[in-house]
Amino acid sequence: MWTAVDIPSFRKQRASLKGSVALVPTMGALHRGHLSLLALAKANYDHVIVSIFVNPTQFAPHEDFDKYPRPIERDLALCQEAGVAGVFNPAVEVMYPQGLVACEMAVPVIAKELEGESRPNHFAGVCRVVTKLFNIIEPDAAVFGQKDLQQLLILSAMVADLNFPIEMIAGPTLREADGLAMSSRNVYLSDDGRRHALGLAKALAEARVMVRDQGESDPAAVEAAMARTITAHHMEVDYAVVRHARTLAKVECVDPDAGDGVAAILAARIDGVRLIDNAIL
Ligand code: AMP
C-alpha cells in the first residue's frame, strides 16, 4: 500500500493502477463503519483508494476541527489490513493552496435544512472538498455511508448535476452491539454520555415500531415521540424529523411503503458532542 501526501505523487501512483478504482473519502479516525465501506468498495472494484483529510471548509469556527482525532498511524495500518491500494493524506495547504475562500460552491436547496440549518456552510465545504478529491483521484466509483444521509443525497445530486462520471455507492450504517451508530466522534463521549447517546438508536427503533407495527401515519406524532425519547436520555434535541427518504421533503402522511419510503433523521447533543443518526422506516 502506498501513501501520497501531495498531488503530483498521488497522480503518479494513480496512473500505475490498471483496472477500476473506488474511492472511500474519510476524515480518518477509522472505525468499523469506515471499514465496511472499504469492504464494499473492494468487493466491487479492482482497487480501493482511501482519502484521509479533515476538511477545514466543512467546519464552522466554533466546531471541533482542531480537536478532531487524527490517529494516522493506526488508520494507515487499518487500510493496509483492508487491502487498500493507496491512501491520499494531504495537508490543508496541499488541498487549499489559494486559501480557504478561493472558490466556494453553491449547494441544492436540501442543503439548507437539517444539518445545513445547524451548520450553514457545512455542505458547501463538503461538496467543494469532494469535487476536489474527485478531480485529483479520478475514481470510477465513490462509496459513502447512509449514516450521513443528507450528505449522501446532496453529493449524489451534485454528481448527477455536474456530470461526474462516477458511480455513487451507499453503504449501510454500522452500529455497536447496543445500537449506537459508529462515529469518529463517539470517542468524545464520557461513560454517562455513551449510555445516554443510545437515545438516538432507541428513538429510531421506536419510530419504526410506531410506523410499521402500529400504523402511525402522522409525522408529527412520530417526531414528538422521537424527541421525547431523546430528551429522556438527557440529550438535547437539535432535530428529530420524518422526511421523504430521497428528497428529504416534508411528508404529510407517513407511508413507509410508498415510493422511495420515509426516513427518520435525528441530531442531538450530549456532553457537548453533536451526534447524528437516521433510519429508513
Ligand atoms: P467521516 O470520516 O466521518 O467523514 O466518514 C467517512 C464516510 O464514512 C462517510 O461516507 C460516512 O457516511 C461513513 N460512515 C461514518 N460512520 C459510519 C457508520 N457507522 N457506518 C457506515 N458508514 C459510516
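Visitor: Why does Asp260 count as partly exposed?

Guide: Asp260 has 40% relative accessibility and therefore counts as partly exposed. Buried means under 20% relative accessible area, exposed means over 50%, and partly exposed lies in between (1.4 Å probe, protein chains only). Please note that this is a predicted model, in which local features need pLDDT of at least 70 and side-chain atom pairs count only at pLDDT 80 or more, while totals for chains, interfaces and linings use all residues. Residues are numbered from 1 along each chain as its sequence is written, and side-chain values use heavy atoms, with hydrogens and water left out.

Visitor: What makes Arg246 and Asp260 a salt bridge?

Guide: A salt bridge requires a side-chain nitrogen of Lys or Arg within 4 Å of a carboxyl oxygen of Asp or Glu. The side chains of Arg246 and Asp260 meet at 2.8 Å, N to O, and form a salt bridge. Arg246 is itself partly exposed, because its relative accessible area is 49%.

Visitor: How many salt bridges does the structure hold?

Guide: The structure holds twelve salt bridges. One of them joins the side chains of Glu115 and Arg274 at 2.7 Å, N to O. Glu115 lies in helix α5 and Arg274 in strand β9, so this pair ties together parts that are 159 residues apart in sequence. Helices (H or I, at least four residues) and strands (E, at least two) are DSSP runs, numbered from the N terminus. Both Glu115 and Arg274 are buried.

Visitor: Which residues are linked with Glu115 and Arg274 in a network of salt bridges?

Guide: Asp238 and Arg269 belong to that network along with Glu115 and Arg274. The side chains of Arg269 and Asp238 meet in a salt bridge of 3.7 Å, N to O. Arg269 is in strand β8 and Asp238 in strand β7, 31 residues apart.

Visitor: Why is strand β8 described as largely enclosed by the rest of the structure?

Guide: Eight of the nine residues of strand β8 (residues 262–270) are buried, so the strand is largely enclosed. Arg269 is partly exposed, because its relative accessibility is 31%.

Visitor: How do you know that β7 and β8 pair?

Guide: Two strands pair if DSSP finds at least two bridges between them. Strand β7 (residues 236–244) and β8 have eight bridges, in the antiparallel sense. β8 and strand β9 (residues 273–280) also pair in the antiparallel sense, over eight bridges. β8 and β9 form a hairpin with two residues between them, and Asp271 in the turn has a positive phi of about 55 degrees.

Visitor: What makes the pair of Trp2 and Phe10 edge-to-face?

Guide: The structure holds six aromatic pairs. The ring centres of Trp2 and Phe10 are 5.6 Å apart and the planes are at 65 degrees, so this pair is edge-to-face. Rings of Phe, Tyr and Trp (its six-membered ring) pair if their centres lie within 6.5 Å; planes under 30 degrees apart count as stacked, over 60 as edge-to-face and the rest as tilted.

Visitor: Why is the pair of Phe53 and Tyr96 called tilted?

Guide: The centres of the Phe53 and Tyr96 rings are 6.3 Å apart and their planes are at 40 degrees, so the pair is tilted. Phe53 counts as buried because its relative accessibility is 6%, and Tyr96 is buried because its relative accessible area is 5%.
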